[in-house]
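Me: Could you walk me through one part of this model in detail? I would like to see what surrounds it and how it is held in place in the fold.

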Amino acid sequence: MITLFRSLFAPPRHLILLVAALWIGLALAEKRSERQGVSKEALNNLIYYSLFGYILGGRLLYALSNFSIFVQSPRSLFSLNLDLFDPLAALAVAFLVGLVYGSRQKLAFWHTLDALTPFFAILAIGLSLSHLAAGTAFGSPTNLPWGIEMWNAARHPAQLYELLAALLIFGWIWFRKADSPPGAAFLTFTALTAAARLFLEAFRGDSILVFGGLRLAQILAWIALAAALFASESLRRVAKAN
Amino acid sequence: MQQPQRRIVYLIALLAGFAWIFASADRSGVSTSGKIPAPQQGFLAPDFELETTTGESVKLSDLRGQAVLVNLWATWCPPCRAEMQSIEKVYREYKDEGFTILAVNMTRQDDALAVMPFVQEQGLTFPILLDESGEVANAYQLQSLPSSYFIRRDGVINEVVIGGPMSEALLRTRIEDILK
């Protein structure tokens, strides 16, 4: 089953899974946007502008950071190679574009993030499926009976752990009560995703190691978890005071 | 849940998370998989020995110490054909810096008679290897053509690019990475 899935969506076809997740996530976010007091149109525009910023920013900043190379072949700026891209810079640009659009349209910050939460949760599911298809984010070697054969070893099915966690988090977000204070849905999603990463990273075979063996992703996830819990408490205090 | 109880739960979660970071630390280095041969970033490039179109034998592991691009291609594959001129150009630019290319033709699924005319027509000067038995296709778990593997001087795969054609900028950025 996993072999069939991996051959069906072998790279570069694994990107279809991300596009599908984007589309489903947007549809679900639209469905719930009214509940958060955010119009469907505003949410759509926010996502499309941010996506545009993501694509353009990722390519332009990559070209800038490799300026001497792009000067030799300027046509490469328009190349269809997806690898000529800086994903972190792209995320930063997308966030900035979203922030500017949101403030110009006077969108309420926490309500908008709550409305976007199903979109993020579905993206996380799509990401884990694309990891499975591409064989990236693979697990460490194991003798456990549920280990899967990948990259010439029996490994923890780290991508399936990631998928299961993403599905559970989506279920929690989607079926939770609607009367929670603004920001609660987004912060719950952030805290659960960070906690899942903190736990599951231990089974990964491709972790970036720092300080003599600590996994960088776990340290970042712990910081994200602490920030989400702290913000959640602060918002509750403000809501109670009001 | 009341506020004091909630805070205790949060504190326990953070302390447990902190402990887990240390408990699951990887001091043996198993998460860096450089020792196992597999066609994936971070792993040792699977070794192979093939003959070139001129009858010489080339073994990948003999090139240890050089940065290598292994490009799997076929004459019937349009993106493979389209990227050959860019590959030739960067080969000429970087070959004196310790960079080489092994362009492995998937001869088992190609027309062997079409290889040499294509190489001559394109004026390719880097080694063209013939995978007549499908040995490399199997070892590299080939799914799509072209597939390119940028291999560092220590024999570890630095990056895999599936599909094409690769632009000159992509080739140059990846080659400069593996030459470091």
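Reply: Happy to! This is a predicted model, in which local features need pLDDT of at least 70 and side-chain atom pairs pLDDT 80 or more, while totals for chains, interfaces and linings use all residues. Residues are numbered from 1 along each chain as its sequence is written, chains are lettered from A and ligands numbered from 1 in the order written, and side-chain values use heavy atoms, without hydrogens or water.

Which strands pair with E6(B) (at least two DSSP bridges)? Strand E3 (residues 67-73) of chain B is joined to E6(B) by five bridges and runs antiparallel to it. Here B:Leu69 stands opposite B:Phe150. Strand E7 (residues 157-162) of chain B is also antiparallel to E6(B), again with five bridges, and B:Ile151 stands opposite B:Ile157 in that pairing. E6(B) and E7(B) form a hairpin with five residues between the strands, where B:Gly155 takes a positive phi near 90 degrees.

The structure holds 21 aromatic pairs over all chains (Phe, Tyr or six-membered Trp rings with centres within 6.5 Å; stacked under 30 degrees, edge-to-face over 60, otherwise tilted). A:Tyr49 and A:Tyr101 have ring centres 5.2 Å apart and planes at 45 degrees, so they are tilted. That pair joins helix H3 (residues 40-65) to helix H5 (residues 87-104) of chain A, across 52 residues. A:Tyr49 is partly exposed at 45% relative accessibility, whereas A:Tyr101 is buried at 11%.

In chain B, the rings of B:Phe48 and B:Tyr140 have centres 6.0 Å apart and planes at 75 degrees, so this pair is edge-to-face. B:Tyr140 lies in the loop between helix H4 (135-139) and E6 (147-151) of chain B, while B:Phe48, 92 residues away, lies in the loop between helix H1 (3-23) and strand E1 (49-52) of chain B. Both B:Phe48 and B:Tyr140 are buried.

Definitions and conventions
Helix = DSSP H or I, 4+ residues; strand = E, 2+ residues; numbered from the N terminus. Buried < 20%, exposed > 50% of the residue type's maximum accessible area, 1.4 Å probe, protein only. Pairing = 2+ DSSP bridges.
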